[in-house]
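Subject: Structure for your files

Hello,

Here is the structure I said I would pass on. My notes on it follow below.

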Amino acid sequence: MGMASKSIKSLLVVTFSFFILLFSNHIHASEHPQPEQANTEGHAKGDFNVTETILEHIKDDHSWHLGGHLSLPLPVILYTEKGLEVFSSAHLVDEHHAPAVYAGNFNYKLVEGKIKILGEDGSINTLASAKLWDISITKNVAALFLTVFILLLVFLKVAVAYKNTGVKNAPKGLQSFMEPIILFVRDEIAKTNIGHKYERYMPFLLTIFFLILINNFLGLVPFFPGGANVSGNIAFTMTLAVCVFVVVNLSANKNYWQHIFWMPGMHWSMKLFLAPIELIGVFTKPISLMIRLFANITAGHILVLSLICLIFIFKTVVASAIAVPFAVFIGLIELLVAFLQAYIFTMLSAMYIGMAIEEHHHETAHH
Amino acid sequence: MLLEINPLVLPDIGLVFWNTIAFLILLIVLGKFAWKPILKSISERETGIADAIASAEKVKAEMAGLVNENEAMMAKAREERSLMIKEAKEASDKMIAAAKDKAKSEYDRIVAEAQQAIVQQKNAALTDVKNQVGSLVIEVATKVLGRELSNKADQENYIQQLAEAVKLN
């Protein structure tokens, strides 16, 4: 029963994710011819480019656009052959918000949002640029720090509340708001997928869950300090997926590795055949986590932005009569997706951990 | 480049770097100061509630046991009481009967003794009377014999006199 509902759940997850992926591909497909159109027309008329606008909102940035001509400059931190260098991102743009050259240890310039080193002649020095380590506090990093701050504030407060109200009293306020979610992670995610050893992994799962959840929600807020697309950034999802990969493989027991490299209860030829497939599976699991979260959140953002862009494409206020209700509708779905993706990421992480530490009794099961 | 990679799927090293730091900070700080105490409090409360329910159930069962016990004791007491009453009645009946028997036997004994005494006394009296009669007869005979020898008339007179004196009571 438990297994059946689990597999149905995961099937739903896969279907849903696949659907959303398809959806986002579809949008990309339909977006791509448009920009060329818009490009040719846009350049001729000197106005709106949908793809650029959307990508600008999706992508990371060295400054935080607040609205209109107002941007919050963020610190740029570069590590080059000549050492560490810190300066404000305000130096990288001129008064018309066009990329400007900043002369630090090298000549730096923003090219398609990335900092590149310029050579003597003003062209990009690819060799030097490849050795450039850009660890700037970008928009996403700043938003991530904000999330960290919020999480620390909220949960340290909740922890203090538990200390103050004691064990005998019912939770109050923020504490009573968070407790069901914590219990949900514990009972529905950790206990069901990991089993009796769940307690060890609770801090990891809770941290991942709330980090993704808060970032998903903040990403849906259209104005400062929200709007940064952190959980829809492949670097963010990759880092988390790598963390899951490390935790899963560090906690994996002998049985797990045996099932990967030398599947018990099989003919030796089958064992040889299965080993590479299982080994690939070790890596595809975190990669699927990475892509699923990235694609879902990015697709949602693209969808909402595309709908809003309709108004500018049609160049009429009337278009908002359709675009705005649709954007609101998709926004509501995105709220659901924000929670769902945090749940799915954590649930699958727990499931992978559960698989890695499961005690198999294959002697009876496989024969 | 042979393959144009969309910038969207190209991870920035900067974000990876800061994200790793942020995640580790969160994991360590929240793990130590938030998740651990929170989960501990929750599980403590849960075990507390479970214990409270279990002890309430236990007390309830104990109460039910006590009520049963009370009822059993009451029933036993009632039984004992009726038994005691019955026994007391039997004892009193027995005592009354015994007293009656004893009284009757005593009465019989006393009557018998009295009769015996009467008979004895009667016999004694008779014997006494017989003896006295004998001695009187002898006495009278002696006197009569003594008088006869002297005077006939007197003798008869005297016998008469003696005879009057003899009163058989």
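To begin with one pair of residues: A:Ser63 has A:Pro73, in β2(A), as its bridge partner. Please keep in mind throughout that this is a predicted model.

The strands of chain A

That pair belongs to a hairpin. Strand β1 (residues 63-67) of chain A runs antiparallel to strand β2 (residues 70-73) of chain A, and 4 bridges join them. There are 2 residues between the strands of this hairpin, and A:Gly68 has a positive phi near 60°.

Chain A also has an open sheet of 3 strands, in the order β4-β3-β8, with antiparallel pairing. The edges are taken by β4 (83-88) and β8 of chain A; each has a single partner strand, so one side of each has no neighbour in the sheet. Between strand β3 (residues 75-80) of chain A and β8(A) there are 2 bridges, in the antiparallel sense. One residue pair to look at here is A:Tyr79 with its bridge partner A:Trp133, which lies in β8(A).

Two helices of chain A

Helix α10 (residues 268-314) and helix α11 (residues 320-357), both of chain A, have axes that come within 9 Å and cross at roughly 170°. An angle over 145 degrees counts as roughly antiparallel, and α10(A) and α11(A) are therefore roughly antiparallel to each other. The residues of their contact divide into 18 nonpolar, 6 polar and 3 charged.

Chain B

Chain B has 2 helices and 0 strands. Its radius of gyration is 64 Å, whereas the globule rule gives 15 Å for 169 residues, so chain B is more spread out than a compact globule. Along the principal axes, the C-alpha atoms of chain B fill a box of roughly 205 × 25 × 20 Å. Of the 169 residues in chain B, 8% are buried.

Where the chains meet

Regards

Technical notes: Residues numbered from 1 in each chain as written. Chains lettered and ligands numbered in written order. Predicted model: local features only at pLDDT ≥ 70, side-chain atom pairs only at ≥ 80, totals over all residues. Axes fitted to C-alpha atoms, helices over the stretch in contact; angles between N-to-C directions. Parallel < 35°, antiparallel > 145°, perpendicular 65-115°, else oblique. Nonpolar A, V, L, I, M, F, W, Y, C, P; charged D, E, K, R; others polar. Pairing = 2+ DSSP bridges. Rg over C-alpha atoms; globule rule 2.2 N^0.38 Å. Buried ≥ 20, exposed ≤ 12 C-beta atoms within 10 Å, placed from the backbone.
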